[in-house]
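Okay, thanks for coming, everyone.

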Amino acid sequence: AIRSVVRGLGAYLPGRCLTNADLAQMVDTSDDWIVQRTGIRERHIAAEGEVTSDLALAAAKAALADAGLEPGDIDLIVLATSTPDNTFPATAVSVQAGLGITHGAAFDLQAVCSGFVYALATADNFLKSGQYRRCLVIGAETFSRILDWSDRTTCVLFGDGAGALVLEAVRDEADGRGVLTTHLRSDGRFKNKLFVDGGVSSTRSVGYLRMEGREVFRHAVGMITDVIVDAFEATGEDAETIDWFVPHQANRRIIDASAVKLGIAPEKVVITVDRHGNTSAASIPLALAAAHADGRIKRGDLVLLEAMGGGFTWGSALVRW
Ligand code: ACO
C-alpha cells in the first residue's frame with residue numbers, strides 16, 4: 001500500500017508584530033483581557049502589498065529546502081485559505097508559478113480554520129491513490145484584510161502567516177511513518193456563527209469577519225474531542241501513545257479544555273497562539289514548524305492534529321512523523 005510520508009516542513013511569518021499593547025491604542029481593550037480570554041500576546045501582520053501567495057511561497061520554499069527537494073519534484077499543490085489574493089485564479093497557481101513549476105496541478109481549498117486538516121486529508125487521498133507523487137500542502141492566510149479593526153470582539157484574535165508541508169507517496173513504508181488517518185466533518189447549520197459578511201455573489205465586496213464567539217466556544221470542545229476519538233478508534237492509538245498534540249491555535253482555553261477532556265498531558269500540547277494569534281488555516285503548519293525547529297517533533301513521533309472553524313467545519317489527523 002502507498003503511504004503519504006512527511007518529507008519537509010516550512011513556515012513564514014510577516015515581519016510586523018502587533019502586540020496587545022498596540023491594539024489597546026486602537027480599540028477599547030487591554031493586554032489583561034486578551035491574555036485572560038485567549039492566551040494571545042502578539043500576532044504578525046502582513047505588510048501593505050504583501051499578499052497570501054507571498055506568504056505561501058516563502059513557506060513552500062522553506063519546506064522544499066527542509067525536504068532537500070527542487071520545485072520540479074512537486075506535482076501537486078493544495079493550498080488552504082479563506083483569504084485568497086484574488087477571487088480567481090486560485091492562490092495555489094501563483095505559488096506554482098512562483099516556484100517555476102509548469103507540470104502537475106495546483107488548487108485552493110476553503111474550510112476556514114479547518115483548511116489545513118482538509119488539505120492534508122485531500123493530499124493524502126490523492127497520493128494514496130497513486131495519482132500524484134509529491135504534494136505541497138499549504139495553509140496561508142492574511143486575516144488582517146478581513147478584520148473590522150474597530151470591532152474589539154474580533155480584531156484582537158487573528159494574525160497572518162503561512163506554513164507548508166511536503167508529503168511524499170512511499171510504497172510499503174517499513175517504519176510505519178506517514179498519515180495514519182484523517183477525519184473530516186462539517187455542519188452547515190452553524191454557517192452564521194462565524195462568517196464574512198461579504199462576497200462575490202452576495203455583496204460583490206470583500207466584507208468583514210463576524211463571529212458569535214461564545215457560540216463558537218460552546219461547540220468547539222465537543223466537536224474537537226469527538227473527531228479525535230474517531231482518529232483514536234480508527235488506529236488504536238490514544239492520549240497515552242501520542243507524542244505531540246498540535247491543535248488549531250484559536251484560543252488557549254479551547255486548547256486546554258480539549259486536552260483535559262481527552263486526557264492529553266499538558267507537556268505534549270504545542271502552543272503558538274500566544275505569539276501568532278489565530279492564523280486560521282496556517283496555524284497548524286506554523287505550530288508544527290515551531291515544534292520541529294526547536295527539536296520537539298522528531299522522526300518517528302506520533303503527532304495528533306485537530307482543527308475546528310467556520311462552517312462549522314472540523315477534523316483530525318494522526319501522523320507518524
Ligand atoms: N477587550 C475588552 N473587552 C472585550 C473585548 C476586548 N477585545 N472583546 C469583548 N469584550 C467584552 C464584551 O463586550 C463583553 O462585555 P459586556 O459583558 O460588557 O457585554 C465582555 O468582554 C465579555 O464578552 P464575551 O464575548 O462574552 O467574552 P468571552 O468570554 O466569550 O470571550 C472570546 C470572547 C475570546 C471571543 C471567546 O468567546 C472565544 O474564544 N470564543 C471562541 C472564538 C474562537 O476561538 N474562534 C475561532 C475558532 S474558529 C476559527 O478559528 C476561525
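Helices (H or I, at least four residues) and strands (E, at least two) are DSSP runs here, numbered from the N terminus. UniProt, in an unreviewed entry, lists that stretch, 233-321, as "domain: Beta-ketoacyl-[acyl-carrier-protein] synthase III C-terminal". UniProt positions are in the numbering used here, feature names are shortened, and annotations may be inferred rather than shown by experiment.

Quick housekeeping. This is a predicted model: local features need pLDDT of at least 70, side-chain atom pairs count only at pLDDT 80 or more, and totals for chains, interfaces and linings use all residues. Residues are numbered from 1 along each chain as its sequence is written.

Now, the active site. The unreviewed UniProt entry puts that label on Cys113, His248 and Asn278. They span 166 residues in sequence, but no two of their C-alpha atoms are more than 8.6 Å apart, so they gather at one spot.

Cysteine 113 sits in the loop between strand E5 (105-109) and helix H5 (115-128). Buried or exposed? Cysteine 113 is buried, with 32 other C-beta atoms within 10 Å. For us, buried means 20 or more such atoms within 10 Å, exposed means 12 or fewer, and partly exposed is in between, with C-beta atoms placed from the backbone. Leaving aside neighbours within four places in sequence, the contacts of cysteine 113 (C-beta atoms within 7 Å, again placed from the backbone) include His248, Ser280 and Gly309.

Asparagine 278 is also in a loop, between helix H9 (273-276) and helix H10 (283-293). Asparagine 278 counts as buried, with 22 C-beta neighbours inside 10 Å. Not counting residues up to four places away in sequence, Asparagine 278 touches, among others, Phe158, Gln249 and Ser283.

Last stop, strand E1 (residues 2-12): 8 of its 11 residues are buried. E1 runs antiparallel to strand E7 (residues 160-171), joined by 10 bridges, where pairing takes at least two DSSP bridges. Valine 6 stands opposite leucine 167 in E7.

Technical notes:
Contact = placed C-beta atoms within 7 Å.
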